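I opened the model to look through its confidence, its strands and its core. These are my notes, in the order I looked.

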Amino acid sequence: MTRRRLTAFVVPLVLTGFLLAAGGTAQSRQPTQSPVDISPGAIRFDPAQPRLEISYGHSDLDLEYIRKDTSDTNGCGTRNHEETEEAVVRPGTGHVTLAGVRYELEQFHFHTPSEHRFQGRADPLEMHFVHRGAAGKLLVIGVPLRAGAGSPVDHVLATLAPECGEPVALADFDLDTLLPRNRSTLRYQGSLTTAPFSEGVQWFLMSEQTVSPSTIARFRGLFGDGNAREPQPLNGRKLTVVPQSS
Ligand SMILES: [Zn+2]
């Protein structure tokens, strides 16, 4: 490449980069993926944020194994790191409201170890409650699980659904008892943690819930290599703490 041709090539490239940065669009092109490793320096406190109103009732549950390897002839015995145990709730039995927008609870599922980390530390398990708004926008509540006193979560994971078999039915389950009592949230904008990793997901992380050590051991026994995605770069994102009382 001659010098003149090189200049003709490089100058527009540099200019484009400068204009993007000046226009503020370069930042928005950074990926906003989940999960993330949360450092104290990335956290902001903002009690003025709209309250997340949680309205969970009672539902029959179907605990199902979510397969990602249906084309694999040995798939029934092979664990894929994007597979999980998922509890499907009955439509209309649970929802959350944020700033006047209602999001319906569709299902909740589990990862081991936890996908979100705090200063590099993972919990043994993490629960994700997936809600969808009328416009299709997703809102996920994440709850880390650690070993301790038994809780209603133990009942959900008492019998795990087989990868290729019937779902496990649980009748008339009180969904609200699955969440921790402290409803303070740590919020950020992220993505799905499994393919297609779609962005625009509103994440609400809550404080830890406890489960018995045997429940943790049973779930880890199913996913020996784990079923969690590695933390993704924050790329300048901030997480906002909104206390329960706001
Ligand atoms: Zn998940």
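**Confidence.** I began with residues 9-27, where pLDDT stays under 50. pLDDT is the predictor's confidence in each residue, from 0 to 100. For this stretch the model has four contacts beyond four places in sequence. I count two residues as in contact if their C-beta atoms, placed from the backbone, lie within 7 Å. Where pLDDT is low, the predicted coordinates should not be read in detail. The protein as a whole averages a pLDDT of 90, and 88% of the residues score at least 70.

**Ground rules.** This is a predicted model, so I take local features at pLDDT of at least 70 and side-chain atom pairs at pLDDT 80 or more, while totals for chains, interfaces and linings use all residues. Residues are numbered from 1 along each chain as its sequence is written.

**Overall.** I listed four helices and 15 strands. Helices (H or I, at least four residues) and strands (E, at least two) are DSSP runs, numbered from the N terminus. Buried residues make up 30% of the 246 residues. A residue is buried if 20 or more other C-beta atoms lie within 10 Å of its own, exposed if 12 or fewer, and partly exposed in between; C-beta atoms are placed from the backbone. Of the contacts with a separation of 6 or more, 71% are between residues 24 or more positions apart.

**Strand pairing.** Two strands pair if DSSP finds at least two bridges between them. I followed β3 (residues 52-56) to β6 (residues 94-98): five bridges, antiparallel. Here isoleucine 54 stands opposite valine 96. From β6 I went on to β7, again antiparallel, with four bridges. Leucine 98 stands opposite valine 101 in that pair. The β6-β7 hairpin has two residues between its strands, and alanine 99 takes a positive phi near 50°.

Next I checked β13 (residues 199-205). It runs parallel to β10, with four bridges. Its phenylalanine 204 is the bridge partner of isoleucine 141. β12 (residues 185-191) joins β13 through six bridges and runs antiparallel to it. There leucine 186 is partnered with leucine 205.

**Core.** Which residues touch the most other members of the largest nonpolar core? They are Met127, Val153 and Phe204, out of 40 residues. β10 gives the most to this core, with five residues. A nonpolar core is a set of buried Ala, Val, Leu, Ile, Met, Phe, Trp, Tyr and Cys residues joined through C-beta atoms within 7 Å. Beyond four places in sequence, I found valine 153 in contact with Met127, Leu145, Leu178, Gln209 and Val211.

**Helix α4.** In α4 (residues 213-222) the buried residues are Thr215, Ile216 and Phe219. Seen down the axis, they fall within an arc of 100°, so they line one face of the helix. The arc is that of the directions from the helix axis to the C-beta atoms. The face turned away carries the exposed residues Ala217 and Gly221. The buried residues pack against β7, β9, β10, α3 and β14.

Beyond four places in sequence, threonine 215 is in contact with Asp154 and Leu157.

**Lysine 137.** Where does lysine 137 lie? I found lysine 137 in the loop between β9 (125-133) and β10 (138-147). Lysine 137 is partly exposed, with 13 other C-beta atoms within 10 Å. Lysine 137 and glycine 200 are 63 residues apart in sequence, yet 7.3 Å apart in space, C-alpha to C-alpha.
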